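Welcome to this short tour. Keep your viewer open and select each stop as we reach it.

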Amino acid sequence: MDFPLLNELKAAKEIIWYNDNYTNFDEIKDRLPVSLDDVLEAEDRLKRFAPYIKKVFPEVIDGIIESPISEIDKMKGRMENEYNKNIYGRLILKRDDLLPIAGSIKARGGIYEVLKHAETLAIDSGLLKLEDDYSILADDDFKKFFSTYTIQVGSTGNLGLSIGTISAKVGFNVIVHMSQDAKQWKKDLLRSKGVKVVEYTSDYSKAVEEGRALSDKDPKSYFIDDENSKDLFMGYAVGGMRTKRQLEDMGIVINKDHPLFVYLPCGVGGGPGGVAYGLKLMYGDNVRCFFAEPTHSPAMLLGLASGLHDKISVEDIGLDNKTDADGLAVGRPSSFVGKIMDKTLTGAFTIDDYRLYDFLKALYDEEKIFLEPSALAGFLGPIFTSEKYKNENITHMCWGTGGSLVPEEIRKQLI
């Protein structure tokens, strides 16, 4: 196997890869396994659950789990000075670190899939009808019903946090299988919510494999598969769609002459893939999406650039899959997501761990915004792309995937 970037990936270098397979979205959208109708159905389901969310998580305004967008002009100036590069256009930050309930992008897909499963069980058992006020799901009778079922998931951290939190609240028994990369504070937080956490000395793929095998033995257990779940993908895609309304409210015009460039930290691919797909549904070729991965864990870039998707892992090319960016510590990408991104993703790039901390400190200094290390991976994107795209009408959006739940003591250490 050989392709132009292989030696640079093997050497754990920071690189950007532009996707030769990229195809105009209108030409391929009807051939993809996910449709606009699927995403609209997911958004309708989240609206049905809004009264329930509002009741059990009163901090969630109107029961809609969404995050704001921040202008970060000072950060843009800091980056231009430090890298001695002009970032053409404006720089904004999607604040998924502020998503309620789980404090990360995983609040989108993870919570959506758990709620969909709960709805299916309740409707199939005759306890719930689509036209009901879903706030009744908070009643003891429903909790008792859900307590006879189990949810399981494999995670490096944030997905487990979102699924554990919402599953326990709904009333499910929940088991989160966590890889060696998962931060201790995330395990502790889950256990404090009554979640069973199983720890592994191996990586993400092993945690998923073991979790799936255990779940398959129990007919009342449901495994949420980060690698292959269409439902997770739908929850993320709703976020991409909603972004359009937010940008319009901010007066930001996106069209052929005013493109949107979005930089998404990527682990196995579900979160960034779903968001990218939702954005493509809204903007077509006027949005260009890029995935950001650690130099030691470039799973999706390797899968796409080689054309092998999940048939190749970073270990196969001699990388160790070790990174401080716990949510991105994935050695083998999602085949389901990779095949959707094969012709829709503009590109991907890699970033050194030390630079995550440089960006973390700079963002905190300039904007008083704290993100966890993995959420800073996208910030190298505008530096890379401004070498190729010199258009002052670009809106660059970094997707801040998590950080608000990081304990204060650890936050201080990271800064």
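Start by selecting Cys289, which is buried, with a relative accessible area of 0%. (Buried means under 20% relative accessible area, exposed over 50% and partly exposed in between, with a 1.4 Å probe and protein chains only.) Before moving on, note that this is a predicted model, in which local features need pLDDT of at least 70 and side-chain atom pairs count only at pLDDT 80 or more, while totals for chains, interfaces and linings use all residues. Residues are numbered from 1 along each chain as its sequence is written, and side-chain values use heavy atoms, with hydrogens and water left out.

A search of the whole structure finds zero disulfides, a disulfide being a pair of cysteine sulfur atoms within 2.5 Å. For Cys289, the nearest cysteine sulfur is that of Cys266, 12 Å away. Select Cys266 too: this residue is also buried, with a relative accessible area of 0%.

Next, select residues 230–249, helix α10. (Helices are DSSP runs of H or I with at least four residues, strands are runs of E with at least two, and both are numbered from the N terminus.) Helix α10 has 20 residues and reaches 30 Å from its first C-alpha to its last, close to the 28 Å expected at 1.5 Å a residue; the expected span is 1.5 Å times one less than the number of residues. Because 15 of its 20 residues are buried, α10 is largely enclosed by the rest of the structure.

Ser229 caps the N-terminal end of α10, with a side-chain oxygen 3.3 Å from the backbone nitrogen of Asp231. Just after α10, Gly251 takes a positive phi of about 80°.

For the next stop, select Phe3, Pro4, Leu5, Trp17, Tyr18, Asn19, Asp20, Asn21, Leu304, Ala305 and Asp342, which line the largest pocket. (On a 1 Å grid over the protein atoms alone, a pocket is an open set of points where a 1.4 Å probe fits, with protein on both sides within 12 Å along at least five of seven lines; lining residues have an atom within 4 Å of a point.) Strand β1 (16–18) and helix α12 (299–306) are the elements that give two or more residues to this lining.

Finish on Asp342, in the loop between α13 (335–341) and β10 (347–351). Asp342 is buried, with a relative accessible area of 14%.

Notes: A polar contact is a pair of N or O atoms within 3.5 Å; within protein, one must be able to donate a hydrogen and the other to accept it, and residues adjacent in sequence count only if both atoms are side-chain atoms.
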